Amino acid sequence: MTDNLNKEIKKDLNDGRELEYEESKLIIEDKVVAKIARIAINQVDGILEMKGNIADSIGSFFGSSDRRTAGVNVEVGEREAKINLDVIIEYGKNAREIFNNIQRVVSSNVREMTGLEVVTINVDVVDVLTRKEYQEKQQANSDADKKQNNY
């Protein structure tokens, strides 16, 4: 009796149509993995800044680029991710050690948060600066931004 009642309720809910079975899935957007990688990079000593590429520059000119993912390019599949990073490193720091730390930290964070296996991490060192040069550059950029906002 109960089985017949359940079948009738289901039939009424679906208007007699059978629902097609569809497998549930989790979709992780590229920008989510890019943000995780960008935040993870903050744990690595020797990186002064993530540097955006030409696409980031064009996107920011038109107001569509997210500074939180500048310098990070990601390809995400169903179970794997590939990550490309553009970084400025601090003068005197070992680039190979920085690279190894990036691989360890980024892979671990992406895997823990998304379940994706990071199969490739490419790091492009686009510049090297002393900490003093970097701070002077940041101050100059800050001053230029203040002047531009006054107009």
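The secondary structure of the protein chain comprises five helices and four strands, where helices (H or I, at least four residues) and strands (E, at least two) are DSSP runs numbered from the N terminus. Read from the N terminus, these elements follow the order α-α-β-α-β-β-α-β-α. The model is predicted, so local features need pLDDT of at least 70 and side-chain atom pairs count only at pLDDT 80 or more, while totals for chains, interfaces and linings use all residues. Residues are numbered from 1 along each chain as its sequence is written, and side-chain values use heavy atoms, with hydrogens and water left out.

**The chain as a whole**

- The protein chain has 151 residues, of which 28% count as buried; buried means under 20% relative accessible area, exposed over 50%, and partly exposed in between (1.4 Å probe, protein chains only).
- Among the contacts in the protein chain with a separation of 6 or more, 75% come from residues 24 or more positions apart; contact means heavy atoms within 4.5 Å.

**Salt bridges**

- How many salt bridges does a search of the whole structure find? The search finds three, a salt bridge being a side-chain nitrogen of Lys or Arg within 4 Å of a carboxyl oxygen of Asp or Glu.
- One of them joins Asp45 to Lys93, with 3.0 Å between the closest N and O atoms. This pair links distant parts of the chain, 48 residues apart: Asp45 is in the loop between helix H2 (30–41) and strand S1 (47–50), and Lys93 is in the loop between strand S3 (80–90) and helix H4 (95–114). Lys93 counts as partly exposed because its relative accessibility is 33%.
- Another salt bridge brings together the side chains of Arg131 and Glu90, at 2.9 Å from N to O. This pair also links distant parts of the chain, with Arg131 in helix H5 (residues 131–149) and Glu90 in strand S3, 41 residues apart. Arg131 has a relative accessible area of 37% and is therefore partly exposed, whereas Glu90, at 12% relative accessibility, counts as buried.
- Arg111 and Glu117 also form a salt bridge, their closest N and O atoms being 3.4 Å apart. Arg111 is partly exposed, with a relative accessible area of 37%, and Glu117 is partly exposed, with a relative accessible area of 38%.

**Packing of helices H2 and H4**

- H2 and H4 pack at an angle of about 135°, and their axes are 9 Å apart; axes are lines fitted to C-alpha atoms, for helices over the stretch in contact, and angles run from 0 to 180 degrees between N-to-C directions.
- The two helices H2 and H4 are therefore oblique to each other, since angles under 35 degrees count as roughly parallel, over 145 as roughly antiparallel, 65 to 115 as roughly perpendicular and the rest as oblique.
- The contact is formed by Val33, Ile36, Ala37, Ala40 and Ile41 on H2, together with Ile102, Val105, Val106, Asn109, Val110, Met113 and Thr114 on H4.
- The residues of the contact of H2 with H4 comprise ten nonpolar, two polar and no charged; here Ala, Val, Leu, Ile, Met, Phe, Trp, Tyr, Cys and Pro count as nonpolar, Asp, Glu, Lys and Arg as charged, and the others, Gly among them, as polar.

- Is Asn109 buried or exposed? Asn109 lies in helix H4 and is buried, because its relative accessible area is 17%. Not counting residues up to four places away in sequence, Asn109 touches Ile36, Ala40 and Gln43.
- Thr69 is found in the loop between helix H3 (54–61) and strand S2 (72–76), and at 14% relative accessibility Thr69 counts as buried. Beyond residues up to four places away in sequence, Thr69 touches Lys31, Ala34, Lys35 and Arg38. The C-alpha atoms of Thr69 and Val32 are separated by 9.0 Å, although these residues are 37 residues apart along the chain.
- Glu80 is located in strand S3 and is partly exposed, with a relative accessible area of 45%. Leaving aside neighbours within four places in sequence, Glu80 is in contact with Glu75, Leu116, Glu117 and Val119. Between the C-alpha atoms of Glu80 and Thr114, 34 residues apart along the chain, the separation is 9.9 Å.
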